[in-house]
Amino acid sequence: LRAEASLAGEAGDPGAGVALLERLAGDHPDLLFARGRLLLQCGEPEAAAGPLQSLAERDPSAIAGWAHLDLCWRLLGDDRHQWLSGQPGLHGARDIGLDAAELARLGELLRGLHRTRAHPIGQSLRGGTQTRGRLFWRHEPELRRLREAIVASLDDHVRELPAKDERHPLLRHREAQLALGGSWSVRLLSNGFHVSHIHPEGILSSACYVSVPENLGDAERRPGWLEIGRPPPDIGAGLGPLAQVEPKPGRLALFPSYMFHGTRPFDEGERLTVAFDVLAR
Ligand SMILES: [Fe+2]
């Protein structure tokens with residue numbers, strides 16, 4: 001019944017989904033999440049916040065629950081949205097310090113992987129390929145160098161995070177040992193883009209630019225830019241991004257895994273990135 005309710009939501013009839021869920025008793029985490037998401041889809045953020053808040057209290061690592069609770073708070077003008085995703089330092093972009101020659105060699109290596117070890121369409125990818133397997137488990141010197149530079153930048157980012165906060169889904173890990181989880185590369189070609197999504201497996205997520213088309217600097221249209229905080233179109237309609245990052249070779253964007261993110265389409269060329277999730281040990 002829960003699966004059926006979620007399907008109703010995906011089919012554009014969240015009201016039918018909510019009605020189905022009313023027949024289910026209990027407060028299993030999956031049920032709390034399904035209720036919250038469907039109510040948000042129905043345009044009822046106040047009602048949606050209840051089950052999502054119970055979920056976050058029960059399981060502080062429920063990333064997808066926090067992502068949707070954040071949207072409720074944002075739509076309701078609740079200060080907790082600011083606490084959850086508006087504090088300075090939670091997301092940011094920095095240069096990882098690879099020079100042009102290093103980035104060029106890395107780009108060549110990644111293009112080879114996209115030819116031989118890639119699959120065409122991920123759930124949130126349009127017009128591109130994504131590499132298979134863990135990129136940072138490979139031994140090529142270009143990737144070892146990248147990993148090293150990324151770990152150093154990640155340390156800098158963590159050092160500049162707001163203070164430890166036991167109730168906050170990211171800041172409670174402020175002093176934990178961090179580890180890199182999944183890592184992969186995405187190659188988007190002309191008109192490609194990444195629809196808004198979150199990474200339920202991580203605590204911090206990322207986009208690191210290796211090679212981008214030259215004409216992305218248009219500050220009006222912002223082609224190919226990363227948008228952080230814009231929800232998918234079926235929930236939180238009308239909400240825009242909270243931040244936008246201009247892709248530049250060697251730039252690393254880091255943001256909490258519960259923040260929705262996606263890319264704006266661009267006209268032509270190639271946008272080659274590496275991404276990874278950060279886990280707390
Ligand atoms: Fe992503």
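This is a predicted model: local features need pLDDT of at least 70, side-chain atom pairs count only at pLDDT 80 or more; totals for chains, interfaces and linings use all residues.
Residues are numbered from 1 along each chain as its sequence is written, and side-chain values use heavy atoms, with hydrogens and water left out.

**View 1. Where H7 meets H8 (residues 141-159)**. The two helices pack at about 120°, axes 9 Å apart (lines fitted to C-alpha atoms over the stretch in contact, with angles from 0 to 180 degrees between N-to-C directions). On the H7 side, Glu102, Arg105, Leu106, Leu109 and Leu110 meet Glu142, Leu143, Arg145 and Leu146 of H8 (contact means heavy atoms within 4.5 Å).

**View 2. H7 from end to end**. Helix H7 covers residues 100-116, and its 17 residues reach 25 Å from first C-alpha to last, close to the 24 Å expected (1.5 Å times one less than the number of residues). At its start, a side-chain oxygen of Asp99 comes to within 3.1 Å of the backbone nitrogen of Ala101. Buried residues of H7 include Leu103, Gly107, Arg111 and His114 (buried is under 20% relative accessible area, exposed over 50%, partly exposed in between, with a 1.4 Å probe and protein chains only).

**View 3. Phe33 in helix H3 (residues 29-41)**. Phe33 is partly exposed, at 23% relative accessible area. Leaving aside residues up to four places away in sequence, Phe33 touches Leu52, Leu55, Ala64, Gly65 and His68.

How values were computed: Helices (H or I, at least four residues) and strands (E, at least two) are DSSP runs, numbered from the N terminus. A polar contact is a pair of N or O atoms within 3.5 Å; within protein, one must be able to donate a hydrogen and the other to accept it, and residues adjacent in sequence count only if both atoms are side-chain atoms.
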